[in-house]
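The sequence and the structure are shown first.

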Amino acid sequence: MRRNNRQIIHLQGLRFGANLGVLDFEREGPQPIQVDAEVNLGAQMIVSRDADIGHVLDYRRVRQIIIDECTAEHTDLLEALLGKLCTRLMKLAGVVGVRIKVTKLEIFEDCQVAISAECGQW
């Protein structure tokens with residue numbers, strides 16, 4: 001069977017509230033964030049017809065892991081949250097690389113702040 005060069009799951013614009021930050025007002029409750037993620041599955045078999053979802057990484061699982069990790073507890077630093085997300089997603093079967101970006105949507109009145117990380121193979 002033929003293989004694609006690389007298959008990547010993309011989640012873009014995932015928005016929800018998370019307890020995140022070191023500032024006093026950030027400790028009062030959740031703030032809106034956006035997470036964008038790419039999960040590199042490496043070379044995959046070319047699927048030319050419907051297949052069993054059990055044979056692929058279900059992107060619903062990736063989405064839920066991101067939400068769970070970001071909402072499980074208060075995290076002071078974006079950098080620490082990125083580390084948690086990369087570690088957790090890299091443990092999924094078949095994942096060879098992760099790119100993740102977390103954006104604080106309302107931290108400042110005049111801009112958003114984002115930090116991204118990349119781990120594994122790209």
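## Residues, fold and pocket

Ile65 is a residue of helix H1. With a relative accessibility of 8%, Ile65 falls under the 20% limit and therefore counts as buried. Leu85 stands 20 residues from Ile65 along the chain, and the two C-alpha atoms are separated by 8.1 Å. The model is a predicted one, and the values given here are to be read as computed from its atoms.

As for the chain as a whole, two helices and four strands are found in it, and in sequence order these elements give the pattern β-β-α-α-β-β. Along the principal axes, the C-alpha atoms of the protein chain occupy a box of roughly 55 × 25 × 25 Å. The protein chain has 122 residues, of which 37% are buried.

Although 48 residues separate His74 from Glu26 in sequence, their C-alpha atoms are 9.6 Å apart in space. Lys91 belongs to the loop between H2 and strand S3 (97-104), and Lys91 is exposed, with a relative accessibility of 67%, because this is over 50%. Strand S3 itself contains Lys101, which counts as partly exposed at 37% relative accessibility.

The C-alpha separations of these residues from selected partners are collected below.

| Residue pair | Separation in sequence | C-alpha distance |
|---|---|---|
| Ile65 and Leu85 | 20 residues | 8.1 Å |
| His74 and Glu26 | 48 residues | 9.6 Å |
| Lys101 and Gln112 | 11 residues | 12 Å |
| Lys91 and Gly13 | 78 residues | 23 Å |

Turning to side-chain contacts, which residue is joined to Gln34 by a polar contact between side chains? The partner is Arg15, and the contact has a length of 2.8 Å. Gln34 is located in strand S2 (residues 31-40), and Gln34 counts as buried because its relative accessible area, 14%, is under 20%. This polar side chain contact is thus described for a residue that is itself buried.

How many aromatic pairs does a search of the whole structure find? The search of the whole structure returns zero. A contact of another kind does involve an aromatic ring: the charged end of Arg99 is positioned over the ring of Trp122, at 3.9 Å from the centre of that ring.

Finally, the second largest pocket has a volume of about 220 Å³. Its lining is made up of 13 residues, among which Gln7, Ile9, Leu41, Val56 and Leu57 are the closest to the centre of the pocket. By residue class, the lining of the second largest pocket comprises eight nonpolar residues, four polar residues and one charged residue.

Conventions: Residues numbered from 1 in each chain as written. Predicted model: local features only at pLDDT ≥ 70, side-chain atom pairs only at ≥ 80, totals over all residues. Heavy atoms only, no water. Phe/Tyr/Trp six-rings, centres within 6.5 Å; stacked < 30°, edge-to-face > 60°. Lys NZ or Arg CZ within 6 Å of the ring centre and 35° of its normal. 1 Å grid on protein atoms, 1.4 Å probe; cavity = no way out; pocket = protein on both sides within 12 Å on 5 of 7 lines; lining within 4 Å. Points joined across faces, edges and corners; volume = space filled by probe spheres on them. Nonpolar A, V, L, I, M, F, W, Y, C, P; charged D, E, K, R; others polar. Buried < 20%, exposed > 50% of the residue type's maximum accessible area, 1.4 Å probe, protein only. Polar contact = N/O pair within 3.5 Å; in protein donor to acceptor, adjacent residues only side chain to side chain.
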